[in-house]
Amino acid sequence: MSVRTIGVVMNGVTGRMGYRQHLVRSVLAINEQGGVTLSDGSKVKLKPVLVGRNADKLADIAAKHDISDFTTELDSALADDDNLIYFDAQVTSARVKAVLKAIEAGKHIYAEKPTAESTQEAIALAEAATAKGVKNGVVQDKLFLPGLLKLKRLIDGGFFGRILSVRGEFGYWVFEGDWQEAQRPSWNYRSEDGGGIVLDMFPHWHYVMENLFGRVESVYARAVTHVPARVDEQGHTYQATADDAAYGIFELEGGIVAQINSSWTVRVNRDELVEFQVDGTHGSAVAGLRNCRAQHRSATPKPVWNPDLPATARFRDGWQEVPDNAEFDNGFKIQWEGFIRHVLEDAPFPNDFASGARGVQLAELGLRSSAEGRRIEVPQL
């Protein structure tokens, strides 16, 4: 069995997501399993070329994982013909410039979301990639979560009948950085650096809604900054200029209404950090990161409102766990494998830059809705 190795330029691996999910749990994990298997049975391994601004951090990562190639010079990495793919996990504000360089160099592009800070820039990236004839993809990892895969199985099997509504709850308390270290980098809370929970999470919610339930037709959102001051990685207090919570109502095709709360200022009182409840005429389900519970209409209780008496029913007991029925691998790694097959043998990969632009559009319109205090229709891109 033949094994081929291709170079992958990875920009932004010193960050939390770029390092853990993309380098360690995707690219290096793919190599540890022997590579990506193509349709003809051959294997493809990936040679990571690490790029970033901090040479010392890059050297530490390279030494820890026995990686030979790292550089602070993006141009030199892009000039190597053996490097077929460029991956970008930088801060959002640095992404467009670097991706355009990679497109011009003829590299196939895989990028974290959001692909840009504005719809105009996101569309420009998609058009540039198409004009150059390079393959392009955007990370849409939540489609591969076990809980959402089980939810999709219920949808595809007709479990819900006609879907009426979706309710999503996402978030956790991110410490301010004074008496406990923050779990997220400080740039997330500065709008001038591309921060904000709307720009971070609305692109996620867009592809979840679009792929599972239907096209988003309108948005009404309220974005707020609940914690106005935080402490950065150097111990300095700074003003949080970006939103840290957002409350959105989305109207989807077919009359489905989705309500999704996103917050870094909420304490978790649910089973998982994100949960979606889907209600339909024939049944309901609650899906999280890994688990999914369902209740069919034939097993739905008949509660009666009476505040004078304690509730005797344990409502959660009437829900049934949806079985795995499959092996679930890391979602980031699965999508990496799909993109490699897309590049090398033109396998389908619907999560392209055009899809990413629609996610950026929803974030942009969500912020506009909040600023103007009104419902905004979402034009088709």
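Is E372 buried, partly exposed or exposed? E372 counts as partly exposed, at 41% relative accessibility. The model is predicted, so local features need pLDDT of at least 70 and side-chain atom pairs count only at pLDDT 80 or more, while totals for chains, interfaces and linings use all residues. Residues are numbered from 1 along each chain as its sequence is written, and side-chain values use heavy atoms, with hydrogens and water left out.

**Terms for exposure and elements**

- Buried means under 20% relative accessible area, exposed means over 50%, and partly exposed lies in between (1.4 Å probe, protein chains only).
- Helices (H or I, at least four residues) and strands (E, at least two) are DSSP runs, numbered from the N terminus.

**Salt bridges**

- A salt bridge is a side-chain nitrogen of Lys or Arg within 4 Å of a carboxyl oxygen of Asp or Glu.
- By this rule the model has 21 salt bridges.
- R374 and E372 form one of them, at 2.7 Å from N to O. R374 is partly exposed, at 35% relative accessibility.
- D75 pairs with K101, and their closest N and O atoms are 3.1 Å apart. D75 lies in helix α3 (residues 74–79) and K101 in helix α4 (residues 92–104), so the pair ties together parts that are 26 residues apart in sequence.
- D75 is partly exposed at 46%. K101 is partly exposed too, with a relative accessible area of 35%.
- D271 and R316 meet in a salt bridge of 3.0 Å, N to O. D271 sits in the loop between β13 (257–263) and β14, and R316 in the loop between β16 (292–296) and β17, so the pair ties together parts that are 45 residues apart in sequence.
- D271 is partly exposed, with a relative accessible area of 47%. R316 counts as exposed, at 51%.
- K113, R184 and D200 are linked in a network of salt bridges.

**The second largest pocket**

- A pocket is an open set of points on a 1 Å grid over the protein atoms alone, with protein on both sides within 12 Å along at least five of seven lines; lining residues have an atom within 4 Å of a point.
- The volume of this pocket is about 280 Å³. A volume is the space filled by probe spheres set on the points, and points are joined across faces, edges and corners.
- Its lining includes R167, E169, R270, F276 and R316.
- The lining residues divide into 4 nonpolar, 1 polar and 6 charged. Here Ala, Val, Leu, Ile, Met, Phe, Trp, Tyr, Cys and Pro count as nonpolar, Asp, Glu, Lys and Arg as charged, and the others, Gly among them, as polar.
- β8 (163–171) and β14 (274–280) each supply at least two lining residues. β14 gives the most, with 3 residues.

**Backbone features**

- A cis peptide bond joins K113 and P114, with omega about -10°. P114 lies in the loop between β6 (108–111) and α5 (119–132).
- N325 is not a glycine, yet its phi is positive, near 55°. N325 lies in the loop between β17 (320–321) and α8 (331–345). N325 counts as exposed, at 62% relative accessibility.
- D346 is not a glycine either, and its phi is about 60°, again positive. Its place is in the loop between α8 and α9 (353–372). D346 is exposed, with a relative accessible area of 53%.

Key: 1 Å grid on protein atoms, 1.4 Å probe; cavity = no way out; pocket = protein on both sides within 12 Å on 5 of 7 lines; lining within 4 Å.
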